[in-house]
Each structure stands twice: as structure tokens, then as C-alpha cells.
Amino acid sequence: YQRRVHGEVVSPVIKSSTLGIPFYKGRVVEGANFESWNYTGKAVLRTAGINPTDDDRELKWMERHMELTQLFIVIGSEPLCFALGLPTHNRDDLDEKARQLPDPSTTKAFVIPPGYGIILARGVWHDFPFAYRGPSALFTANSDEVVTALASMKAPGPMDFGDCYKIRLADFWSQGWLVDAPRPSA
């Protein structure tokens with residue numbers, strides 16, 4: 001188990017725990033709770049398929065959540081690429097306007113292999129992951145508030161409601177952002 005500034009890694013390595021659930025001694029190794037996962041209201045657990053596209057290395061949108069610490073686990077057979085930027089809302093070195101935007105210098109690509117995942121820290125800038133090699137799938141734990149807000153949009157556009165602050169990067173930067181994760185050879 002690893003705790004990083006972008007969030008908490010979820011892996012097949014069981015977090016050590018003193019949790020004393022007595023029913024399955026020897027058969028079940030109880031792991032510690034992931035205290036970093038938070039949400040408001042009702043939890044929403046779902047899956048999503050991720051397919052490669054011609055422009056999937058171009059980052060067009062980024063969003064952040066101030067209540068939810070979103071969970072993603074790669075359950076497909078191929079890895080997924082996550083573009084993650086450190087929170088800006090709490091940075092003293094930025095003015096109020098800059099705190100409302102992701103910082104390109106802290107936005108990095110992370111390739112998450114099948115069977116692993118991440119619990120994003122509060123305020124981490126992100127977009128839905130990209131297919132890295134081929135089609136894959138993920139399991140996500142979200143809040144109903146965020147899913148309802150995203151689903152209420154009639155067309156893609158900036159939003160700031162339902163604990164989802166989402167921006168179109170082209171509205172603030174003239175040059176697009178490319179996800180810096182070179183494709184592996186087949």
C-alpha cells in the first residue's frame with residue numbers, strides 16, 4: 001500500500017490491519033480500511049469500458065471534487081492512463097484565479113496496470129482515464145451527487161455544481177495538453 005500526493009494506490013497488496021473480524025480465520029486476511037475514500041450523500045459504484053480513440057492523448061477536460069475522493073480500479077485486461085494534477089485550491093503561491101485552474105507543471109500521466117487502482121485525494125485535477133494499449137475497463141466508486149451532475153449535462157461543457165468543477169482546457173490555454181505516456185509497442 002502506498003500513499004502519494006495524488007491519492008492512495010489500491011493494489012493486491014493487503015494493507016495490514018488489526019481488524020478482528022473472527023469468522024474466517026486463516027481463509028480471509030482482513031485489510032485495513034481505506035480512510036482516504038470520502039463522499040457525501042449516496043455512494044455510486046459502477047463500471048465503465050474505456051476504448052482507444054485517435055485523439056485519446058489530447059487532454060481536453062479536467063475536473064476536481066472537493067467532497068469526494070474518487071476511487072478507480074482497473075478491472076480490464078489492459079492498463080489505463082490517468083492524467084492527474086495536484087490540487088491548486090489550497091496553494092498559497094497562487095492567486096485566487098490560478099487556484100481555479102490545474103497547474104500544468106504538476107499534471108502527470110500515471111499508467112495503472114490491471115488489478116490496481118487509485119483513490120484520488122481531494123481536489124486532485126483529473127479526467128477519465130485513457131486506453132493505454134487497447135480496450136479496458138474500470139470499477140469506480142463515486143457519489144450520486146457527482147454522477148447526477150455529470151449526467152444532467154445536455155452537451156459537454158464547463159460545470160461547477162454537484163461537487164464537480166469541470167473546465168475545458170482550451171478555454172484557458174491556446175495550446176492543447178498532451179498526455180505524456182508513450183504507447184508501448186504491441
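Thr 88 is found in the loop that runs between strand E7 (80-85) and strand E8 (107-112); strands are DSSP runs of at least two residues, numbered from the N terminus. The model is a predicted one, in which local features need pLDDT of at least 70 and side-chain atom pairs count only at pLDDT 80 or more, while totals for chains, interfaces and linings use all residues. Residues are numbered from 1 along each chain as its sequence is written, and side-chain values use heavy atoms, with hydrogens and water left out.

With a relative accessible area of 0%, Thr 88 is buried, a term that means under 20% relative accessible area with a 1.4 Å probe and protein chains only. The side chain of Thr 88 reaches the backbone oxygen of Arg 99 at 3.0 Å. Beyond its neighbours within four places in sequence, Thr 88 is in contact (heavy atoms within 4.5 Å) with residues including Arg 64, Leu 94 and Trp 125.

Asp 163 lies in the loop between strand E13 (159-161) and strand E14 (164-168). The side chain of Asp 163 has a polar atom 2.8 Å from the backbone nitrogen of Met 66, and this side chain reaches the backbone nitrogen of Leu 68 at 3.0 Å.

Note on methods. Helices (H or I, at least four residues) and strands (E, at least two) are DSSP runs, numbered from the N terminus. A polar contact is a pair of N or O atoms within 3.5 Å; within protein, one must be able to donate a hydrogen and the other to accept it, and residues adjacent in sequence count only if both atoms are side-chain atoms. Buried means under 20% relative accessible area, exposed over 50%, partly exposed in between (1.4 Å probe, protein chains only).
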